[in-house]
Amino acid sequence: MTDRRDDVELIIERLSEDPTEEFLEQIASSVVNEMEESFPELSRKSRPMGEVLDEFRNEKLEEVDSTNQYNRKLDYLQTYLKEEAEIESTDDLSSEDVERYNKWRKYESLSREKPLGDTTLSDDMYLFREFIRYLVEHNMAPVRFEKCVKIPEIVYSGGEGVDEKKLDPEIAKAALDYLRKYEYADIEHISMELLCQSGPRKAGLIGRDVPDFDYKERVLKYETEETTPLKNDESSEREITLYGDVPEILLDYLKDRRPPATDEDGRDPLLTKGDGRMSPSTLQKIAYKWTRPCMIGLGCPHDRDPEDCEAAQKNNSAFKCPSSRAPHHIRTGYITDQKNRGVSAEGIEQRCDVSPRVQKLHYDHPDDSEERERFENEFRNADDDPNSGFNHN
């Protein structure tokens, strides 16, 4: 017992002396090992890295238009983990392996002597961070690994580089204003209204059927089906209220604009262009198309001439616009905006089917000003306390 007390006192002393990262790492590892022995259910999952990479690849390729480009990026990631770092299972991955990917990708992954450009490196590191987040979310890696991913900051000639990708509320408003005026109640307008109304997952929105919409109650129901399952099956089932003019717009779409169409199971999909249920890639293209600033009456923040810009001229190239956003980024922007407005984590969990922990990890990305404003009222109320000398006016 005396030895253990001495050990505790030694650790306390070391912690008070600006401890090294190595020492903190040792403590963290010891705590994790103790917890895993005492609570086996908390142990991280160990899975073959090859299987996990394949799952992540399949999930990512469903979200993007340029599959060849993403396949190349994922090939580099697989080469590094399997051949360079020789990672056989997820529990073999270390923080050093995560930190080293940046250097390997920039200087060692290519046969040429010239290092990889920062723009390409930044894109690849974003993808790498998504993979690490995937491991963390599925309990195959510690949360601290995400901080080991270093992404170079890119400054474009026409403005600041993108950091956390999310749809800005002003862009969302401009897009919906434009669509309500010029493309009222068509399928692309409806798709954007529903994406911006509650930040749903892409697959969840695509899986909605006409009967899921209750105009009288102003509700859209999310129910899991065998061919269109929700992410967490029955746990993801819920009803969400549709606010503002959205129920009326959706009703007008169903009455006048929706083509008669059924899917392979004989169900009536809510989102359709007349050839069955909308595909993930179609919804992806709609999101990219209508989040380009130049498409919705705003100026180009990148100082490009729309007449010469491929992203502006071709809808299939809309994803090349640095400002365009995918459905996942609309979801991130929606959740961040709701948190800025004071909506509780529990409220967002019900509406968006995402736990408070995952909200913080993946979806809630306020900038410095937004984060400050969230807490202004708390400090303002404290400032009104006449008994506090620190808040003396």
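What you see is a predicted model, where local features need pLDDT of at least 70, side-chain atom pairs count only at pLDDT 80 or more, and totals for chains, interfaces and linings use all residues. Residues are numbered from 1 along each chain as its sequence is written, and side-chain values use heavy atoms, with hydrogens and water left out.

Overall, the protein has 17 helices and 5 strands. Both are DSSP runs numbered from the N terminus, with helices being H or I of at least four residues and strands E of at least two. Of the 393 residues, 41% are buried; buried means under 20% relative accessible area, exposed means over 50%, and partly exposed is in between, using a 1.4 Å probe and protein chains only. A contact means heavy atoms within 4.5 Å. Among contacts with a separation of 6 or more, 63% are between residues 24 or more positions apart.

Now the sheet. It is open, with 3 strands in the order β3-β4-β5 and antiparallel pairing. β3 (213-214) and β5 (238-241) are the edge strands, each with a single partner, so one side of each has no neighbour in the sheet. Two strands pair if DSSP finds at least two bridges between them. β3 and β4 have 2 bridges, in the antiparallel sense. Their hairpin has 4 residues between the strands, and Arg218 there takes a positive phi near 60°.

Val219 is opposite Thr241 in β5, and Tyr222 is opposite Arg238. In a regular strand the side chains alternate between the two faces of the sheet. For β5, the covered face holds Arg238 and Ile240, while the uncovered one holds Glu239 and Thr241.

Next, helix α14, residues 345-352. Ala345, Ile348, Arg351 and Cys352 are buried there. These residues cover an arc of only 130° around the axis, which puts them on the same side of α14; the arc is that of the directions from the helix axis to the C-beta atoms. The buried residues of α14 pack against α8 (187-198), β5, α13 (327-340) and α15. Just after the helix, Asp353 has a positive phi of about 55°.

In α15 (residues 356-363) we find Gln359. At 0% relative accessibility, Gln359 counts as buried. Leaving out residues up to four places away in sequence, Gln359 touches Lys339, Ala345, Ile348, Glu349, Val354 and Asp364.

Last, α8 against α11 (residues 280-290). These two pack at about 85°, with axes 10 Å apart. Axes are lines fitted to C-alpha atoms, for helices over the stretch in contact, and angles run from 0 to 180 degrees between N-to-C directions. The pair is therefore roughly perpendicular, a label for 65 to 115 degrees; under 35 is roughly parallel, over 145 roughly antiparallel, and the rest oblique. From α8, Glu188, Ser191, Met192 and Leu195 meet Leu283, Ile286, Ala287, Lys289 and Trp290 of α11. The contact residues divide into 6 nonpolar, 1 polar and 2 charged. Nonpolar covers Ala, Val, Leu, Ile, Met, Phe, Trp, Tyr, Cys and Pro; charged covers Asp, Glu, Lys and Arg; the others, Gly among them, are polar.
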